[in-house]
Amino acid sequence: MAERRGGGGGCCPPMDLLRSEPMQLVQLIIPIESAHQTIAYLGDLGLIQFKDLNAEKSPFQRTYAAQIKRCAEMARKLRFFRTEMLKAGLSPSAWSGSQADIDMDELEVKLGELEAELIEINANGEKLQRSYSELVEYKLVMQKSGEFFYSAQNSATAQQREFGSQQAGEESLDTPLLVEQEMTTDPSKQVKLGFVAGLVPRDKSMAFERIIFRATRGNVFLKQAVLEDPVIDPVSGEKVEKNVFVVFYSGERAKNKITKICEAFGANRYPFTEDLGKQAQMLTEVSGRLSELKTTVDAGLLHRGNLLQTIGEQYEQWNFLVRSEKSIYHTLNMLSIDVTKKCLVAEGWSPVFATKQIQDALQRATYDSNSQVGAIFQSLHTKELPPTYFRTNKFTSSFQEIVDAYGVAKYQEANPGVFTIVTFPFLFAVMFGDWGHGICLLLGALYFIIRERKFSSQKLGDITEMTFGGRYVIMMMAFFSIYTGLIYNEFFSVPFELFGRSAYACRDLSCRDATTAGLIKVGDTYPFGVDPSWHGSRSELPYLNSLKMKMSILLGVAQMNLGIILSYFNAKFFRNSLNIWFQFIPQIIFLNSLFGYLSLLIIVKWVTGSKADLYHTMIYMFLSPTDDLGENQLFSGQKTVQLVLLLLALVAVPWMLFPKPFLLKKQHQERHQGQFYMPLQGTEDTLQLEATHDSHDHEEFEFSEVFVHQLIHTIEFVLGSVSNTASYLRLWALSLAHSELSSVFYEKVLLLSWGFNNVIILIVGAIVFIFATVGVLLVMETLSAFLHALRLHWVEFQNKFYEGDGYKFHPFSFALLDDEEE
């Protein structure tokens, strides 16, 4: 349990999750001419967490604020390129990671030129597209309005022929729509009508018609024609369903009103003649211009697409370079400038094993930047608490995240993540035990594991990303679920004789009394797990309840003992003898005097087959410790053992409470009287007496505060021993619920549909069974058991030894740069 020593070949010691990596506070003195190159190499290495030595300065007062602003501008241009590529349906090409030598000044100029070119292309394209959309609308207006005028003229000609015999003189058809009015009106008083043609959005067409009618008091004639396909609006650039309209009016006032209404409704108006000959000529001209514009627009889009494709080929590399450059200057801004202004001073945390790698990076940077003076690397002594750094891999990282979600381990305290790898999936499986459901979970986990390379390079949804991140946790949960399912002998609630024949049989061939009188034992005990004959028998529920409840208590007491034992290793590692004598020993005695003894009684009862009532034994151990046990006695001398254990439990409480505060006070007085110096590296013992970083000041020892803290800790442990043990009964409760739900779905859905001897009912029943199994048992029950296992680890296990008040090691690393810019 002592500090790790480098072993094995290579630059890095073997991975050890129990204690975090030994860390050191280092100081780097870097010449200004090699500062940029040095930070770049350290970013590639990713093993130093720099401290901000300019915390009192605002971002604008720092040395490299101008360079950061310049990088931010380049990042803005790259975001603009990405937006344009997404609009065009292109995606940036994958970058192999090989870094070409690109000068940032050249890149800045190149990005500016590309942005200007792209903006110009976009502006020209928008103008051309708007002109094209207007011409398309104009053509549609001429086609639809021309049809209307043509049909109106034919109608007027027919009417004139009909009334031609009754009318004298030869009249021209100057206003063919008002033939009837001309017949009854004096020619000298004829009114020449004007008209407006255009397109109006279809969803506004009814309101448009009503407003025009009311504004002109009905003195208009409006005709609309529906366009079958939506058209691109010249203003918005979006596809809109529209109607072609023609409004006939009389007088300038009416024309002004109609024009304003068209503008208000977003109706585009187009010039139009009623002369059919001119209409055909204009239609031909517009069609010619449309084909020319179409060619021009397509050429512009092709040019834009080629430009974006060229950008996309290098986008990822440029983006990485700009983000890296910006992060380098951010880091340089955290360094302090020497009074001579010739070098920069950096401080930061790094793992001890990385010393050689950091020094090599410094030497390379000095050589590559042609600096005359090399960077200086030195380790500093400090009382500041270092950050916590665990080197994990893709398997252990998800288990470590479960622990870190509760709290990051204090520097080099025992890490629960090591034990969580086994205990977390096992406790989950105790609640989820069914090897059929376990196989389904395993198949799901294997799917993500087999395709992990593909999924890791994609952007996933929240739920999928969470499931993918925990794929190895799910795999372990599935393995343990198969194991506990074999112990419970449940495959979708159906028992199997996998390990031999059942030890029990019916009393007669008809098995009429199997659920009333029970079964008789005819063979050897079933070799592994629950005998399949228990399922469906009259004793199934009482037997499984008793088994799972006692098993839950045994598992709970074992895990809580493990937590207390880990507190001993923490105290030993930090050389805190007070915690060993006045925390570990009384706690282990108290817990095992009561619940360790209960666990022993459970095992003895199982081994001996006794019918003793353990509830009665434990209750009267407190109420009447001197009474005879009678038929509840499991072994000789049990009464004496119970008295001794009860006394030990009673003694353990003041043992935890009183000595420690007085001893802490005595040590504090001796330390400040200069009799001897002994650093207290305790955890919560000194109640963060040195948390105020004013280690040179002699702060007062608040005895009352320390005593109250110890009192709370003692009460919490004593009451927690009872409540935590009871909390482990959730293993029994959820296991029973899972088993019963699985049994209900199997018997009341699948078997019931099978009994109808109807294929359709059987198919429906099978579908319902599958959806119920997946939705309830494989999703909801999995989540429920996961959360309960999480609670058992965070509360019942970790509170025995784990402080979790550290902070993570966040090194400066290009590999950890966020994808999204600030």
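Predicted model: local features only at pLDDT ≥ 70, side-chain atom pairs only at ≥ 80, totals over all residues.
Local features were taken only where pLDDT is at least 70, and side-chain atom pairs count only at pLDDT 80 or more, whereas totals for chains, interfaces and linings use all residues. Residues are numbered from 1 along each chain as its sequence is written, and side-chain values use heavy atoms, with hydrogens and water left out.

Helices and strands were assigned as DSSP runs (helices are H or I, at least four residues; strands are E, at least two) and numbered from the N terminus. Two strands count as paired if DSSP finds at least two bridges between them.

The pairing can be followed strand by strand. Strand 4 runs antiparallel to strand 7 (residues 242–249), and six bridges join them. Here Phe221 stands opposite Phe248 of strand 7. Strand 7 also pairs with strand 3, over eight antiparallel bridges. In this pair, Val200 faces Asn243 in strand 7. Strand 3 is joined to strand 8 by three bridges, again antiparallel. Gly198 has Arg269 as its bridge partner in strand 8.

Burial was judged by relative accessible area: buried is under 20%, exposed is over 50%, and partly exposed lies in between (1.4 Å probe, protein chains only). Eight of the eight residues of strand 3 are buried, so the strand is largely enclosed by the rest of the structure. In a regular strand the side chains alternate between the two faces of the sheet. Both faces of strand 3 are covered. One side carries Gly194, Val196, Gly198 and Val200. The other carries Phe195, Ala197, Leu199 and Pro201.

Contact here means heavy atoms within 4.5 Å.

Most residues other than glycine have a negative phi. Arg217 has a positive phi, near 55 degrees. This residue sits in the loop between helix 5 and strand 4. Arg217 is exposed, with a relative accessible area of 76%. Ser493 also has a positive phi, near 75 degrees. Its loop runs between helix 14 (471–488) and strand 12 (504–505). Ser493 is buried, at 12%.

Two further residues belong to other helices. Gln638 is found in helix 18 (residues 638–657). Gln638 is buried, with a relative accessible area of 0%. Leaving out residues up to four places away in sequence, Gln638 touches Tyr597, Leu601, Thr617, Leu629, Asn632 and Gln633. Leu321 is in helix 7 (residues 276–332). Leu321 is buried too, at 8%. The C-alpha atoms of Leu321 and Ile102 are separated by 8.6 Å, although the two residues are 219 residues apart along the chain.
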